[in-house]
Amino acid sequence: MTQPQLGKNIAELRISKGLTQQELADKCSLNIRTIQRIEAGEVVPRMYTLNLLTNPLGMDFNTLNQNATETKMLSRQMQVAYMAGIIFMVNGIPVVYDLITHRFNPFMHILTSVIHILSFALFFRGFYLIGKFYKNWLLAISALLMVILLVAINLLDLFKHYYFSIGEYLLFILMGINMIVIGAGLLKESLERKGYQNSLIYKIAGIFTMLISVLYLTLNTPVINAGLLLSIPVNFLMVFILYREIHEPAKATV
């Protein structure tokens, strides 16, 4: 199990046993600062330290690490999301160009739109998984809704001869509102990770996602176009978040 989830689990177990950090430290013959740093996710405890914690917490080592398999599976799924994110980011440049200029021929428009839909669905599934794994339901649910809304908007655009444009218009407004929620979810994750693992990246991504949503919700074409252009570097930042989730930098151990 990786930090910060391990630290959260240890803190929850300690509290359920009615122990203070000092009492747990005394029972394990550890320094209270060590307990504080583990629970805060600042350090990854050595196997020896974890074994000292198991008896006072009333849990064996395997139970304490029951999410290890989930973590490995999450890593594999995040790799798929990361690769899809790269495709989405690269394909996003011609998609934005087409949305602003409308210069693509029908074949290129359909091709880039299909790639856009498929890669985005896999890409944003990564943020759904992050939210679900770390119990950030604000991020998980809004990421799932974002996939549904963006796919629906693009399908309406591809088959717009058979649908009223009002449907695409309303979905775009709903997507803009949902992007504010996504931004809030990213900011919440930033606060949860304050002082470690990608906190600043989540914060910047959250702020700019909310800014883009505000630009979209003006429903003013030049302003929306500015939001589309801003989405290109933000997509890069979101892909980088997935990269960091997969290739988590080493932390100090105790």
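Predicted model: local features only at pLDDT ≥ 70, side-chain atom pairs only at ≥ 80, totals over all residues.

Me: Which helix supplies the largest share of the lining of the largest pocket?

Reply: A pocket is defined on a 1 Å grid over the protein atoms alone, as an open set of points where a 1.4 Å probe fits, with protein on both sides within 12 Å along at least five of seven lines; lining residues have an atom within 4 Å of a point. Helices are DSSP runs (H or I, at least four residues), strands are runs of E (at least two), and both are numbered from the N terminus. Here H7 gives the largest share of the lining, 9 residues. H6, H7, H8, H9, H10 and H11 each contribute at least two residues to that lining.

Me: How much space lies in the largest pocket, and which residues are closest to its centre?

Reply: A volume is the space filled by probe spheres set on the grid points, which are joined across faces, edges and corners. For the largest pocket this comes to about 1300 Å³. Its lining has 46 residues, and the closest to the centre are Leu99, Ile153, Glu168, Phe172 and Leu228.

Me: What is the make-up of that lining by class?

Reply: Ala, Val, Leu, Ile, Met, Phe, Trp, Tyr, Cys and Pro count as nonpolar, Asp, Glu, Lys and Arg as charged, and the others, Gly among them, as polar. The lining holds 28 nonpolar, 14 polar and 4 charged residues.

Me: How many aromatic pairs does the structure hold?

Reply: Rings of Phe, Tyr and Trp (its six-membered ring) pair if their centres lie within 6.5 Å; planes under 30 degrees apart are stacked, over 60 edge-to-face, and the rest tilted. There are 10 such pairs. In one of them, the ring centres of Phe88 and Phe120 are 5.2 Å apart with planes at 55 degrees, so this pair is tilted. Because Phe88 belongs to helix H6 (residues 68–101) and Phe120 to helix H7 (residues 106–133), the pair ties together parts 32 residues apart in sequence. Both Phe88 and Phe120 are buried, a term for under 20% relative accessible area, with exposed over 50% and partly exposed in between (1.4 Å probe, protein chains only). Another pair, Phe172 and Tyr216, has centres 5.3 Å apart and planes at 45 degrees, so it is tilted.

Me: Which residues have the most contacts inside the largest nonpolar core?

Reply: A nonpolar core is a set of buried Ala, Val, Leu, Ile, Met, Phe, Trp, Tyr and Cys residues joined through side-chain atoms within 4.5 Å. The largest one has 45 residues, and Phe123, Phe124, Phe127 and Met238 have the most contacts inside it. Phe123, Phe124 and Phe127 also form one aromatic cluster with Phe88 and Phe120. Leaving aside residues up to four places away in sequence, Phe123 touches several others (heavy atoms within 4.5 Å), among them Ala81, Phe88, Met238 and Leu242.

Me: Is Ser16 buried or exposed?

Reply: Ser16, in helix H1 (residues 5–16), has a relative accessible area of 55% and is therefore exposed. Its C-alpha atom is 8.8 Å from that of Leu57, 41 residues apart along the chain.

Conventions: Residues numbered from 1 in each chain as written. Heavy atoms only, no water.
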